[in-house]
Amino acid sequence: MWAGVFPAVTTKFTEADGLDHAEMERCFGLQMEAGCDGLIVAGSLGEGPMLSHDEKIEVFRTARKVAGKKPVLVTINEAGTREGAALAKRAAREGADGLMIVPSPIYHTNPKETVDALKAVAAAGDLPVMIYSNRIAYRVDVSVDDMEELAKDQRFVAIKESSDDIRRSTEIINRFGNRFDLFTGVDNLAFEALSVGAIGWVAGLVVAFPRETVAIYQLMKQGRREEALAIYRWFRPLLDLDVSTYLVQNIKLAEVHAIGTNDRVRMPRQPLAGERRAAVEKVVRDALAKRPELPRF
């Protein structure tokens with residue numbers, strides 16, 4: 001049902017800390033122009049936990065306007081299942097193509113609680129669902145056994161695999177075949193995941209470097225592994241910025257240099273400063289200085 005590059009887009013703010021829809025429209029448009037296959041709003045990179053439900057729906061509307069016929073998913077990352085279900089219903093009414101559901105980032109659920117909560121939110125929205133499995137960031141593992149239970153509900157169609165263990169991708173395929181659309185969700189494991197059977201990439205650095213991200217995916221899809229690997233090796237220092245407590249600030253700073261936007265974030269986050277900012281800027285500038293020429297695909 002879903003495949004390809006789905007950017008987890010950043011949320012743009014005005015100087016007064018409101019939503020900057022004009023800048024989001026511009027930035028989302030760059031993703032579409034580069035050939036991305038869908039958009040995911042209000043996730044971790046989109047600062048979803050810092051947005052109200054109204055703001056999440058507003059960001060979705062802007063993404064929907066830009067994406068045209070391509071799918072736009074709304075992330076459900078609420079602390080409580082009741083709140084997640086309410087947002088899922090709103091997203092469905094607004095015309096979302098699907099949901100990406102995260103286990104509660106506040107209460108660390110046991111396996112039964114995890115499965116029951118995901119099912120309740122999915123039922124409320126009654127939309128296709130991407131399961132977000134990220135035991136590193138959220139301390140809850142949506143395990144392969146949990147996926148066995150969720151597979152009984154046809155609303156669960158995809159998995160964003162972010163366990164940080166590349167073996168998990170093969171385990172999912174071995175257990176379920178093509179029952180789920182398997183996406184990699186860790187930027188600096190993307191080449192490896194695509195090599196073992198992932199059919200999609202929920203990407204972060206794509207928001208600053210959309211053409212390079214799409215090139216890697218398309219080249220891998222065409223079996224042109226060595227060409228994809230050459231770009232990936234260039235890209236790796238940038239992709240490492242995604243695997244950090246400061247991933248939002250890191251990636252927004254990369255956007256500053258690569259696509260000429262701003263790096264405003266919502267408190268308690270603050271833009272990078274001092275030595276940390278200088279280190280990230282060096283990574284980005286070094287990459288831009290050696291930016292590869294992309295092959296036709």
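Because the model is predicted, local features are given only at pLDDT of at least 70 and side-chain atom pairs only at pLDDT 80 or more, whereas totals for chains, interfaces and linings use all residues. Residues are numbered from 1 along each chain as its sequence is written, and side-chain values use heavy atoms, with hydrogens and water left out. Helices (H or I, at least four residues) and strands (E, at least two) are DSSP runs numbered from the N terminus.

**Helix α4**

- Helix α4, residues 111-125, has 15 residues and reaches 22 Å from its first C-alpha to its last, close to the 21 Å expected at 1.5 Å a residue, where the expected span is 1.5 Å times one less than the number of residues.
- Its buried residues are T114, V115, L118, V121, A122 and G125; buried means under 20% relative accessible area, exposed over 50% and partly exposed in between, with a 1.4 Å probe and protein chains only.
- These residues cover an arc of only 135° around the axis, which puts them on the same side of α4, the arc being that of the directions from the helix axis to the C-beta atoms.
- An α-helix has 3.6 residues a turn, so residues three or four places apart point the same way.
- The buried residues of α4 pack against β3 (72-76), α3 (81-94), β4 (98-101), β5 (129-133), α6 (144-150) and β6 (156-161), with contact meaning heavy atoms within 4.5 Å.
- At the N-terminal end, N110 caps α4 through a side-chain oxygen that lies 3.1 Å from the backbone nitrogen of K112, while just after the helix D126 takes a positive phi of about 50°.

**Nonpolar cores**

- The largest nonpolar core has 83 residues, and those with the most contacts inside it are V41, L99 and L238; such a core is a set of buried Ala, Val, Leu, Ile, Met, Phe, Trp, Tyr and Cys residues joined through side-chain atoms within 4.5 Å.
- Helix α10, residues 225-239, gives the most to this core, with eight residues.
- Apart from this core lies another one of 14 residues, among them W2, Y132, Y138 and V202.
- Leaving aside residues up to four places away in sequence, L99 touches L73, V74, I76, A88, A91, V121, G125, L127, P128, V129 and M130; V121 and G125 in this list are also among the buried residues of α4.
- In soluble globular proteins, nonpolar side chains tend to be buried together.

**Aromatic pairs**

- The structure holds seven aromatic pairs, in which rings of Phe, Tyr and Trp (its six-membered ring) have centres within 6.5 Å, with planes under 30 degrees apart counted as stacked, over 60 as edge-to-face and the rest as tilted.
- F6 and F183 form an edge-to-face pair, at 5.1 Å centre to centre and with 80° between the planes.
- This pair links distant parts of the chain, since F6 is in strand β1 and F183 in strand β7 (residues 181-184), 177 residues apart, and both F6 and F183 are buried.
- Y132 and Y138 form another edge-to-face pair, at 5.6 Å centre to centre and with 80° between the planes; Y132 is buried, with a relative accessible area of 6%, and Y138 counts as buried at 11%.
- F209, W234 and F235 are linked into a cluster by ring pairs.

**Helix α11**

- The 13 residues of helix α11 (residues 247-259) should span 18 Å at 1.5 Å a residue, and its end C-alpha atoms are 17 Å apart, which agrees.
- Because 10 of the 13 residues of α11 are buried, the helix is largely enclosed by the rest of the structure.
- The buried residues, which include Q249, N250, K252 and E255, pack against α1 and α12 (274-289).
- G260 follows α11 and has a positive phi, near 70°.

- T10 is found in the loop between β1 (4-7) and α1 (21-33) and is buried, with a relative accessible area of 2%.
- The side chains of T10 and E255 are joined by a polar contact of 3.1 Å, a term for a pair of N or O atoms within 3.5 Å of which, within protein, one must be able to donate a hydrogen and the other to accept it, residues adjacent in sequence counting only if both atoms are side-chain atoms.
- T261 is found in the loop between α11 and α12 and counts as buried at 11% relative accessibility.
- The side chain of T261 makes a polar contact of 2.6 Å with the side chain of E23.
- Not counting residues up to four places away in sequence, T10 touches M24, F28, L45, G46, V207, K252 and E255, and T261 touches K12, E23, R26, C27, E255 and V256.
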